[in-house]
There are 4 protein chains.
Amino acid sequence: MMDIAHLGPAELLTPAFDESLRFFVDVMGMEVEAQQGGSAYLRAWGDYQRHSLKLTASETSGLAVLGLRASSPEALERRVALVEATGLGAGWHDGDVGRGPSYRFRDPDGHAFDLYYETERYSPPEHLRPSLKNQPQRYTGRGCAVKRLDHCNVLAEDVRANRMFATEALGYRLYERIELDDGTEAGAWMSVTIAAHELIYTADAYGARGRLHHLAFWVDTREECLRAADIFLDNDVHIEAAPSKHAIAQGFFLYGYEPGGNRIEVTTGGYLQYDPDPVTVVWTEEERRLGQAWRVKTVETFHTYGTPPVAGT
Amino acid sequence: MMDIAHLGPAELLTPAFDESLRFFVDVMGMEVEAQQGGSAYLRAWGDYQRHSLKLTASETSGLAVLGLRASSPEALERRVALVEATGLGAGWHDGDVGRGPSYRFRDPDGHAFDLYYETERYSPPEHLRPSLKNQPQRYTGRGCAVKRLDHCNVLAEDVRANRMFATEALGYRLYERIELDDGTEAGAWMSVTIAAHELIYTADAYGARGRLHHLAFWVDTREECLRAADIFLDNDVHIEAAPSKHAIAQGFFLYGYEPGGNRIEVTTGGYLQYDPDPVTVVWTEEERRLGQAWRVKTVETFHTYGTPPVAGT
Amino acid sequence: MMDIAHLGPAELLTPAFDESLRFFVDVMGMEVEAQQGGSAYLRAWGDYQRHSLKLTASETSGLAVLGLRASSPEALERRVALVEATGLGAGWHDGDVGRGPSYRFRDPDGHAFDLYYETERYSPPEHLRPSLKNQPQRYTGRGCAVKRLDHCNVLAEDVRANRMFATEALGYRLYERIELDDGTEAGAWMSVTIAAHELIYTADAYGARGRLHHLAFWVDTREECLRAADIFLDNDVHIEAAPSKHAIAQGFFLYGYEPGGNRIEVTTGGYLQYDPDPVTVVWTEEERRLGQAWRVKTVETFHTYGTPPVAGT
Amino acid sequence: MMDIAHLGPAELLTPAFDESLRFFVDVMGMEVEAQQGGSAYLRAWGDYQRHSLKLTASETSGLAVLGLRASSPEALERRVALVEATGLGAGWHDGDVGRGPSYRFRDPDGHAFDLYYETERYSPPEHLRPSLKNQPQRYTGRGCAVKRLDHCNVLAEDVRANRMFATEALGYRLYERIELDDGTEAGAWMSVTIAAHELIYTADAYGARGRLHHLAFWVDTREECLRAADIFLDNDVHIEAAPSKHAIAQGFFLYGYEPGGNRIEVTTGGYLQYDPDPVTVVWTEEERRLGQAWRVKTVETFHTYGTPPVAGT
């Protein structure tokens with residue numbers, strides 16, 4: 001097993017807290033597991049932890065911090081030591097609702113991360129008790145009924161530097177990447193499991209730092225992704241990109257903006273990477289011009305929009 | 001166009017009104033469009049009329065009456081005359097919420113029907129206004145989110161007599177039927193459109209009269225039918241038959257019992273019959289023994305259970 | 001029942017006969033039911049007739065003629081009389097493989113149609129015999145495995161004139177249409193059944209006459225439509241529009257060009273129109289600018305490309 | 001990463017080689033990658049290695065040997081040492097088509113395994129070259145079009161002893177198991193990745209040793225699993241259990257017997273186990289009586305049938 005088991009919870013900032021909360025509860029179908037100090041802690045029905053999303057009222061939007069759960073206390077120690085050696089560590093804090101001591105650091109681009117091991121597993125109240133004992137929570141079917149937090153795509157001024165930090169200090173495996181004609185790395189798709197992408201870095205069009213591209217929540221079927229588009233439409237959620245299939249990583253997607261401005265993906269599909277030492281797939285600038293898997297031209301904002309907004313754009 | 005355009009609304013009786021109402025609203029995902037005199041009038045999001053189901057508190061379960069909308073005032077007159085000639089007519093009444101003058105009659109087995117033409121088309125309140133103007137109502141996605149009433153299967157002591165009444169007096173077309181080795185007709189699948197079944201008669205195992213086998217609500221995809229099974233499971237709805245495919249009419253099904261005891265189907269699939277004069281498909285006793293389309297043995301209660309219950313069984 | 005039961009077979013012209021034939025057999029998954037005089041007669045697994053597509057080698061592409069099956073000999077007589085009265089009739093001929101006497105006429109825009117009643121039902125050879133007796137042919141699953149011919153979209157210089165001919169002389173029902181700000185009719189979606197569209201007229205961007213926009217083949221599920229996109233991609237079929245959902249008629253689509261240049265759709269979804277006298281849905285120019293159902297901008301060629309090509313474009 | 005990366009290839013024995021080969025090629029949609037010495041080496045379109053199934057003509061049916069690829073040369077050494085210590089090792093051999101030196105051993109029940117690291121990655125011939133470079137092979141869509149070998153379920157006289165060998169000597173993680181009222185372990189679901197099951201042991205109803213319950217091939221969607229049932233039906237493949245959902249591991253299944261008698265599953269769904277130290281889910285005898293996820297009673301042969309046949313049963 002890799003030292004890092006998975007990402008999450010993610011803390012998302014929103015300047016429209018009430019509307020954002022309604023979006024995650026009514027449209028995405030998540031449950032409020034806790035509320036504390038201006039934040040709501042939300043869970044999807046398949047999350048084994050108490051929550052995977054912390055929503056926090058703020059003056060602006062963006063990703064406040066991304067949690068990373070280590071596989072064991074020893075794995076946590078190993079990774080903290082490696083991060084400290086890079087000089088990017090910020091030190092330990094007490095953790096948060098549902099998890100224990102956490103080590104805060106920033107990647108070279110400035111995104112905050114919390115490494116931790118101790119966590120609380122979810123124990124459902126009576127009205128959310130599932131029928132099948134291998135499922136953490138009852139399936140309510142509300143809204144898009146997302147199952148779990150799946151992956152996070154952050155923007156970076158320098159993709160290569162951050163990708164190398166993620167592979168070397170954190171132990172991520174690099175499955176796919178984009179290399180432009182001039183040698184610039186424009187995107188990197190990484191994972192600590194056989195899932196084809198968990199942590200993604202793509203180039204920030206404005207050269208800004210510390211921004212979020214999108215947070216993705218999983219559904220089990222493409223049909224649920226299509227259904228989610230109908231739900232977005234009838235809930236006046238801005239659809240940026242209707243359901244289709246990515247060429248890179250082959251994920252099936254739906255992109256929209258939640259009321260706070262953050263881009264949210266409903267995702268499924270892709271492939272599992274069983275090869276223990278796979279050759280990284282490198283996409284060229286020309287190949288990227290072909291568009292998505294089925295030759296759908298990518299909408300322009302997908303290459304430029306991120307949160308928080310960049311002043312003056 | 002046929003003289004009868006489609007069936008509905010159906011009036012269902014339930015000895016557990018509050019629980020049944022919660023089932024149709026929370027589990028099936030229907031909306032309460034009106035409430036009057038101990039009855040709730042419910043609609044699915046794709047119904048063009050105000051409602052397709054009238055739920056009525058009663059001492060027992062079963063189908064109270066099945067509406068049949070005529071294609072025009074002239075078509076209504078024609079069919080009333082044909083029914084009157086059979087001696088089974090009971091006369092005109094004022095109609096009900098959402099529809100005008102109705103002619104009540106009983107089929108040879110005793111099931112009540114209301115023939116009518118005048119109807120009110122649905123006009124959604126603000127919170128149920130759809131984004132697409134060719135859709136009667138917003139897609140809420142709640143529960144199984146059924147789209148419309150699809151078909152009705154009633155039980156009869158004498159299938160052949162009722163099938164002949166339906167084809168001759170009402171103008172139904174017979175697409176498929178079961179003929180046992182001794183010549184008895186055990187089931188008849190009929191329609192007034194290209195949809196492969198709208199009105200079904202099957203033999204009552206107890207030789208009782210006027211009973212209901214099931215009422216079926218449509219979803220557009222098999223995935224929604226599978227998802228409905230998860231929703232039934234986590235809402236403690238008794239699943240009688242998990243999703244699979246019928247051999248007859250090739251419909252994809254999920255059967256459960258609503259709290260009042262009536263069998264409800266979530267259905268999709270099947271085929272469209274474009275042939276204007278198709279040869280009726282006749283299934284033999286031996287072919288029926290093969291089970292459903294994929295050789296799933298039909299659960300025994302499917303052949304015997306109906307509502308209301310038969311005394312002493 | 002309406003006087004016209006359904007459309008088909010369609011005769012398609014191709015300047016690349018061998019490649020087009022391979023496309024319909026290997027990619028679309030159809031069977032060659034007959035070959036005669038430079039034409040191949042192809043069927044989908046759900047067609048009740050012997051074939052629904054006649055593919056003919058030609059110097060150019062386009063639709064040669066569209067068959068329309070009448071519901072009865074009397075219905076055929078009625079419609080022939082109505083067409084003759086318009087002065088657009090061309091007279092009777094002997095029919096073709098699989099069907100009897102046919103009455104040829106042209107719509108105001110010049111597209112040829114054949115009205116007929118007598119037809120041969122398909123009788124499968126041993127290797128194509130189905131397991132379920134209510135299915136005309138074995139499901140081979142090859143390629144996109146289309147089930148049947150679904151609808152035809154022709155281009156017209158004057159949509160309104162042709163739409164009125166179709167409703168008045170042929171008895172089509174008009175379910176949806178586009179009316180531009182200047183009052184021009186830009187599209188009309190019509191049907192003779194509860195299926196939301198069978199015959200579509202849209203405006204020819206070049207003002208040319210007699211051209212084809214696309215021929216659509218049905219699959220039962222959206223998943224099959226998504227799968228068809230993968231098959232198109234890996235068979236080097238030009239994908240013009242990847243799978244998504246139309247606003248008008250709500251059909252789920254995939255559009256590509258077959259090797260002869262004709263646009264072919266793999267389609268599913270939509271709605272059934274049970275209302276016997278529905279109010280026609282009218283889309284404005286502004287509403288059309290919103291794009292498809294999920295706000296996907298329609299690709300430009302979709303508004304201009306047709307077959308045969310217009311000289312000088 | 002775990003020391004063992006994944007299972008495969010599997011070598012399957014068949015007394016009806018030609019018919020079995022046709023089944024895996026035409027019905028399952030696999031490709032023959034090599035043929036040598038009475039064996040065919042078959043691949044699914046998503047396999048990164050040259051093949052995942054070796055089919056060998058034999059006097060009887062069953063699983064000859066199951067390959068296990070190590071994550072690295074060091075991981076291979078570690079596991080060989082651990083296995084040797086148990087006394088169950090049989091020694092090194094040269095490997096087979098597509099893979100290098102392999103260490104043969106038997107589990108306590110007698111099933112043969114080959115541990116190896118060196119492998120050849122698949123390089124497609126021109127006609128199987130994919131359009132997307134992150135996919136090993138073109139998607140042909142033929143038959144069930146299975147994507148890759150997913151998991152293997154073997155039968156054992158003593159489930160607990162074999163499960164402990166797998167977790168201790170091989171490093172498998174135990175996600176779910178069945179414990180009968182008398183304390184007997186009746187089944188164990190194990191994995192070396194986040195996929196909910198890769199290697200399964202269930203009790204042999206006859207107390208026989210070394211037998212196979214089933215080999216499972218993956219498809220990405222439940223719709224493909226439903227479609228596979230239609231393909232099985234129209235290819236006269238014996239369907240033992242029509243598509244439905246398991247309670248244990250929540251996999252969606254279709255079970256049939258290939259012509260050589262071995263049980264084959266087309267599978268999808270389930271859940272990913274991201275928890276690095278999950279509590280094993282234990283199912284009781286009573287819970288197993290509830291049937292599958294949607295309360296479908298499991299067909300009796302599923303509890304008894306395995307290959308090769310047990311003499312005298």
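Chain D and chain B bury about 1400 Å² between them, 58% of it on carbon and sulfur atoms; buried area is the accessible area (1.4 Å probe) that two parts lose on being put together, summed over both. The model is a predicted one, in which local features need pLDDT of at least 70 and side-chain atom pairs count only at pLDDT 80 or more, while totals for chains, interfaces and linings use all residues. Residues are numbered from 1 along each chain as its sequence is written, chains are lettered from A in the order in which they are written, and side-chain values use heavy atoms, with hydrogens and water left out.

**Interface of chain D and chain B**

- D:R222, D:L226 and D:W294 supply 40% of the area that chain D buries against chain B, more than any other three residues.
- The contact (heavy atoms within 4.5 Å) takes 17 residues from chain D and 17 residues from chain B.
- Four salt bridges are found across this interface, a salt bridge being a side-chain nitrogen of Lys or Arg within 4 Å of a carboxyl oxygen of Asp or Glu.
- D:R222 and B:E223 meet through their side chains in a salt bridge of 2.7 Å, N to O.
- On the side of chain D that touches chain B, helix 4 (222–234) and strand 14 (238–245) of chain D each supply at least two residues; helices (H or I, at least four residues) and strands (E, at least two) are DSSP runs, numbered from the N terminus.
- Helix 4 of chain D gives the most to that side, with seven residues.
- By class, the side of chain D that touches chain B has ten nonpolar, one polar and six charged residues; Ala, Val, Leu, Ile, Met, Phe, Trp, Tyr, Cys and Pro count as nonpolar, Asp, Glu, Lys and Arg as charged, and the others, Gly among them, as polar.

**Relation of the copies**

- Chain A is superposed on chain D by a rotation of 180 degrees with 0.0 Å of shift along its axis (RMSD 0.0 Å), using least squares on the C-alpha atoms of residues with pLDDT of at least 70 in both.
- That is the relation of a two-fold axis.
- In chain A, the C-alpha nearest the axis belongs to A:M1, 1.9 Å from it.
- The copies meet through the same surface, because 100% of the interface residues of chain A are also interface residues in chain D.

**A hairpin in chain C**

- Strand 2 (residues 31–36) and strand 3 (residues 39–43) of chain C run antiparallel and are joined by five bridges; two strands pair if DSSP finds at least two bridges between them.
- C:E31 stands opposite C:R43 in strand 3 of chain C.
- Two residues lie between the strands of this hairpin, where C:G37 takes a positive phi near 55 degrees.
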